[in-house]
Each structure stands twice: as C-alpha cells, then as structure tokens.
Amino acid sequence: MHGPPASINSLLFHFPPTSTWAIDDMLRLNLRRSTRRPIFALLTFVAILTLTGQINAPISHAQDGLQEVKTRVKTRQIRTGSLASRVLSEQDKEERLEQHIYRKDGLLQVNPNGPHPIFELVREAQRAWDRKLERASTTLQEAVDEYYRRYQRMPPRGFGDWWEYVQKHNVQLPDEYDQIYRDLEPFWGMNPIDLQNIQRDWEAHRDSFTVGKDTFEEPISLKNHTFDDIGPNGMAKGAYEIMDLLKEVENSIPPFRAVFSPHDNPNLVTDRVFKNAAIRAAREGTFVDINNPPKSKALRWLSACPPESAARNQYINWGGEPFRLPLLMVKTFIHDHYRTMDPCEHPSHFLLHGQFISHGKGPEPQRILIPQFSYAPTMLHHDITPAMPINWMEDIAQQGNPEWDERGDTRLQWRGSNTGIWHSDEYRWDLAQRMRLVRWAGDIQEMEDEDLEYLGFAENISVLIPTEKGQKVGRAVRIPKKRWAPAMVDIAYAEKPVNCPPEMCEKLKKIFEYRQRQGMRAAGNYRYYIDVDGNAWSSRFKRLITSHGLVFKSTLYPEWYMDRVAPWVHYIPVQVDLSDLWDCLVFFRGDPQGKGAHEDMARKIAAAGREWSMTYWRKEDLTAYTFRLFLEYSRVMDPNRLSLYFEDVTPRTSRTGRNPKWRDYDGGA
C-alpha cells in the first residue's frame with residue numbers, strides 16, 4: 001500500500017490514500033456490521049427456501065433458530081469484550097500501539113500510533129538473518145538441492161570443485177548467490193552463438209579490457225584491451241586483481257572471455273522490453289531473435305522501467321529539482337534496502353544522484369543485451385556485477401581502530417572529495433549525493449532554502465524523537481539545525497575542490513569549508529560513520545564496516561554481497577534523499593546531550609558489522625563469488641550449454657519440492 005510520501009521519493013505526483021484514521025473507522029464500522037451478518041444471512045436463506053417451497057417447517061422454527069444465532073453472536077461479543085478488557089488491563093502501563101505500513105517500494109511508512117519503527121526493523125532483520133543462517137546448506141547434496149529449487153536447473157560443471165573450495169575455506173552462506181542469477185538469467189534467453197559474436201565485437205569497445213582463457217589448462221590472462229595503459233596500476237588494474245583472485249581455482253574454470261569496463265560507472269542501459277522477452281525465452285527454452293528484437297519505445301532511462309512503475313507514471317522535472325514539499329507529514333524508513341535502490345520505484349533518484357543528473361533524461365538503451373562486466377551497475381543497467389577487491393583490506397591496525405567505548409567522539413563523521421558529478425552550470429551539481437550530504441550537515445548557510453526543508457536545506461530539521469519500547473513514536477518535531485548539527489555531525493569536504501573547471505573550483509572554495517583529510521587514527525575516534533556514493537559505489541564501505549564504529553549507508557548500487565548481508569543487523573540503511581538520516585542518528589546517539597540514545601543497540605550493530613566483514617567479506621569470499629560467477633558465465637556463453645551441468649549429484653525431490661526432469665538438458669527425460 002502506498003501512502004503519502006515521507007521522503008523526496010514521493011514528490012512526483014504521489015497522492016495520499018485514505019488516512020489510517022479513516023481506515024480504522026471503516027474497520028470498526030465493518031466489525032459492527034459483521035455481528036449482524038449471520039442474522040441477515042439466515043433470514044435471507046429462510047425467505048428463499050420458503051418462497052421456493054423447499055421447507056415445510058413453520059416460520060416459528062426459523063425464528064427459534066434466529067434467536068439462537070442472536071444468542072451466539074451476543075455471547076461472542078461478550079467473550080471478545082472480556083478478552084479485550086483483560087488484555088488492556090495487562091497493558092495499562094503501556095500505550096496502545098498500531099502497525100506501521102510496509103510499502104512495496106521498500107519503505108516502511110510510520111504510523112505515529114505505532115512504536116518507534118527502528119525497534120521493529122532491527123528485530124525483524126535479525127530474525128530473517130538467523131533464518132538464513134539456519135537454512136544454509138551443509139553438504140554438497142543440500143547445495144545441489146537448493147540450487148535446483150531456486151533456479152530450476154542443474155548447477156554448472158565445476159560445481160563440485162567450487163563446493164570443495166567453499167568447504168576448505170569455510171565460506172559462509174553457500175546458497176546466497178542470487179545476484180549471479182539476476183545478472184545472467186536474461187542471457188539464457190539468447191542464442192550462445194549470438195552471445196559469442198556480440199562479445200567478440202564488444203572487445204573492440206572503447207575503454208575495455210578482456211580477461212579469459214582458451215583451454216582448461218591455460219591460466220587466466222589479459223586477452224585484449226583498447227587502451228595503452230595496461231600495467232597493474234593502470235586502467236587494466238582490474239584484470240590483474242581478477243587473475244590474482246582466481247589463482248588457486250583457475251584450473252577448475254572452463255574456457256571463457258569476459259569484457260570489463262575499467263570505469264567506476266556502468267554504461268549498458270537496459271531495454272526492459274527486450275530483457276523481459278529474453279527472460280521469457282529462457283523459461284521456455286527458446287531464444288530471442290536479436291535481428292528482429294521486440295518493438296519498444298525509446299524512453300532513455302525510463303526504458304529500463306516497467307510501464308506500471310512510479311517513474312513511468314509521474315512527471316519528472318528533468319534537469320531541475322523535485323517538486324517542493326515544505327513539511328514532511330509522514331516519515332519513512334527502509335525495510336528492504338535493495339528495493340529502495342530502484343529509480344523506477346523512486347523517481348527522485350534521477351534528480352538527486354550524479355549517476356543520473358549528469359545524463360539528463362539518460363542515454364538511449366541498448367537494443368539487445370551485451371555481456372559486459374562493470375564494477376558498479378545500477379538496477380537500470382544490465383552490466384554484470386563482479387566481486388572486485390578494490391580497496392579491500394583484511395583488517396584495520398589497532399591504533400586506528402579502537403574499541404567502541406574508547407571512541408570519544410559521538411558525532412556522525414564523513415570526510416571526502418566532492419566527487420559524483422562534474423560541477424558546471426549545465427548540471428544541478430547542488431543536488432548530487434555528496435553535495436546534499438554536506439548541505440544536510442549545515443555547511444553553506446548562504447545556500448539554505450526553506451522550500452527544500454525535506455532535503456535538510458533549511459534552518460529547521462524534522463526529527464522523530466526517540467522513544468522506548470512500548471511507547472508511541474508520535475509525530476516528527478521541528479528542531480533548529482544550528483542547535484543540533486555542530487554537536488552531532490562532523491561532515492565536510494576534504495582538501496580542495498575536484499571535478500570542476502577552474503572558475504567553478506574557485507566558486508566552490510568560497511561556498512564550502514574544505515578541511516584537512518583525516519588519517520586512520522583521527523577517523524578512528526568516531527563512533528558513527530556515514531557512507532555515501534561517489535563517482536559510483538563507495539569503496540570505503542569495507543574499511544568503515546571493519547571498524548568498531550556504526551555505519552550508516554546511503555547508496556543506489558546493489559553490490560555483489562547484497563544477498564549475504566543484513567541491513568539493520570550489520571549496518572543502518574539510509575535513503576538516497578537522506579530524509580531519514582536525522583531520525584536514525586538521533587535514535588542511536590540521542591540528541592546533542594545524548595538524551596534518548598539507544599547506544600547499546602548501536603554498539604551491538606557495530607560489533608555485528610565488524611564480525612560480518614571479518615567472516616563474510618574475506619579474500620576467500622571474493623574468490624568463491626567470482627569462481628561461481630565464471631562457472632555460470634562460461635556455461636551460458638557456450639553453444640553446448642545444455643550439456644554442461646554438474647552430473648555427480650542428483651537433486652532430491654523431497655528437498656526441491658518437485659520431481660527433477662531434465663527437459664532442459666541433453667539426454668534427459
């Protein structure tokens with residue numbers, strides 16, 4: 001159910017539904033009516049039977065039956081009322097709480113009469129994470145069963161070697177690789193001969209490199225490139241990182257050729273009509289004709305969105321700011337981080353993130369699907385997601401990573417460059433993600449705008465005051481930012497302006513305060529960090545979550561580990577428009593004096609985040625993901641793909657829930 005927009009995501013002509021209070025009134029009315037329905041039903045039934053001659057009993061018998069129904073209804077009402085009285089008497093020290101609204105776009109819409117939503121979000125996220133851990137396969141047989149249950153096909157050849165690596169290196173959650181399925185499934189609906197031809201042609205694409213091997217015995221190597229700087233520290237750096245990552249397992253990976261973009265950003269905008277046709281073909285065991293693709297409208301960014309999506313049904317103020325909503329009447333929090341990254345459901349992303357602002361309405365989509373790997377695809381791109389070790393670290397030196405209680409600064413910290421967009425008059429650079437973060441924190445008073453209060457660009461901020469469990473959260477209150485921001489946030493640009501022509505760089509120096517960069521020791525004194533996208537995904541997240549601090553993360557790039565991490569358990573998800581950042585920060589660290597803080601919860605999540613980083617984001621975990629990715633990729637690109645499956649173990653019907661039939665494979669029934 002979609003409700004009135006609490007964040008900027010709703011600005012583009014969302015109309016509020018019936019209020020929750022009106023819904024409650026209707027429910028109460030229906031409950032009153034429901035007590036009379038058995039009487040009306042019985043009278044109607046008796047009348048029909050009497051008129052049709054189907055009964056001979058006197059009407060008095062029916063009246064006796066009617067009286068019996070009345071008695072049962074009255075008794076039920078008394079019992080229900082008594083039960084309700086007992087429950088209320090047991091809760092006389094607590095306020096009566098109502099439910100929040102979980103929207104399909106990934107946002108929880110706050111009901112002021114409910115508890116503070118963060119209690120609920122943390123609890124449910126922990127339960128889901130525990131269930132995921134409990135379901136994890138522990139044997140090769142279970143892994144094959146689960147693979148077949150999820151994807152309705154046998155695992156690829158080499159799956160046994162992959163499982164052996166997983167067991168040897170204690171790789172956790174061996175079933176959670178759905179991102180690979182999402183990336184590669186559309187290619188199953190394309191003829192592998194066509195895919196090979198497309199891949200060979202794409203090797204000549206500007207700024208790309210190709211890694212692969214021609215035989216099983218051959219090591220993985222750099223096969224092709226379209227730039228001169230091919231050293232391990234140049235544009236082909238990613239190729240050497242992949243080769244190093246797969247050194248131990250390369251003899252188990254079949255021949256393949258994979259084209260990579262060396263840039264931070266993806267570049268393959270999806271034509272959703274073609275992608276959907278390819279997915280349908282994959283399910284039916286057929287191929288899309290790439291020489292006669294299905295017709296579709298050229299809608300640029302919106303070509304990747306379904307017709308029923310919010311982006312396709314709202315007016316978007318391309319090249320400008322979203323429509324102004326002076327006050328937030330309803331608050332929202334993230335309950336599904338993956339869904340909130342989708343610009344199709346959150347059209348304000350097009351106006352509030354450099355990935356999209358820099359391209360206006362966007363480039364034209366690719367008419368077909370191209371098998372290319374990129375470091376940071378969005379949900380509008382069909383670039384394949386690898387697990388890259390860029391800026392990966394095993395741990396942080398102890399002197400730069402003190403324990404929680406030894407960290408003396410309770411402000412929210414961020415220090416970085418003004419990357420994310422080219423700063424010039426032709427772009428709304430003032431609305432890009434990092435620019436908004438700095439403005440949110442209170443910098444550049446001369447750019448404060450009361451009409452953009454929902455972005456935090458005003459003298460007042462709208463905040464949900466923290467409550468304790470069992471209490472109503474109530475409505476947001478307005479607080480003067482200048483009273484809170486200096487004591488609660490330490491956010492600023494570092495060193496000097498970048499991504500700008502000289503005259504604009506000088507302008508930025510006058511608008512913003514550029515502070516010194518902080519070393520590991522200085523940054524390690526903070527308890528709270530905010531991680532936000534730069535030119536693409538933020539590669540500092542690994543360092544931040546490995547610390548003993550609590551990480552708040554705002555992003556629109558789903559990374560390789562999305563199926564293997566739990567927001568609200570390991571980090572705090574924050575919306576792209578930052579409309580919930582003050583609420584989340586105040587809940588955990590309290591107001592400027594620390595009042596209302598839930599620091600024990602913050603400490604626990606910070607510790608869980610570090611444990612997750614040390615257990616689920618090791619070099620071995622990157623290898624396991626990339627190993628499995630290339631097993632899948634090499635199969636889908638091979639003309640003999642139907643016969644290239646793991647044969648050593650057959651799925652069990654009891655586990656998969658269906659009788660295995662190998663209609664998709666050679667030699668099957």
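A disulfide here is a pair of cysteine sulfur atoms within 2.5 Å. This is a predicted model, where local features need pLDDT of at least 70, side-chain atom pairs count only at pLDDT 80 or more, and totals for chains, interfaces and linings use all residues. Residues are numbered from 1 along each chain as its sequence is written, and side-chain values use heavy atoms, with hydrogens and water left out.

**Exercise 1.** Find how many disulfides a search of the whole structure gives, then describe the one that holds Cys-305.

Solution. 
- Step 1: the search turns up 2 disulfides.
- Step 2: Cys-305 is bonded to Cys-344, S to S 2.1 Å.
- Step 3: the torsion about that S-S bond is about -85°, so this disulfide is left-handed.
- Step 4: Cys-305 sits in the loop between α10 (272-284) and α11 (310-313), and Cys-344 in the loop between α12 (337-340) and α13 (349-352), so the pair ties together parts 39 residues apart in sequence. Helices are DSSP runs of H or I, at least four residues, numbered from the N terminus.

**Exercise 2.** Is Cys-305 buried or exposed? Buried means under 20% relative accessible area, exposed over 50%, and partly exposed in between (1.4 Å probe, protein chains only).

Solution. 
- Step 1: take the relative accessible area of Cys-305, which is 1%.
- Step 2: Cys-305 is therefore buried.
- Step 3: Cys-344, at 3%, is buried too.

**Exercise 3.** Describe the link between Cys-500 and Cys-505.

Solution. 
- Step 1: a disulfide joins them, S to S 1.9 Å.
- Step 2: with 95° about the S-S bond, the link of Cys-500 and Cys-505 is right-handed.
- Step 3: both Cys-500 and Cys-505 are buried.

Note on methods
Helix = DSSP H or I, 4+ residues; strand = E, 2+ residues; numbered from the N terminus.
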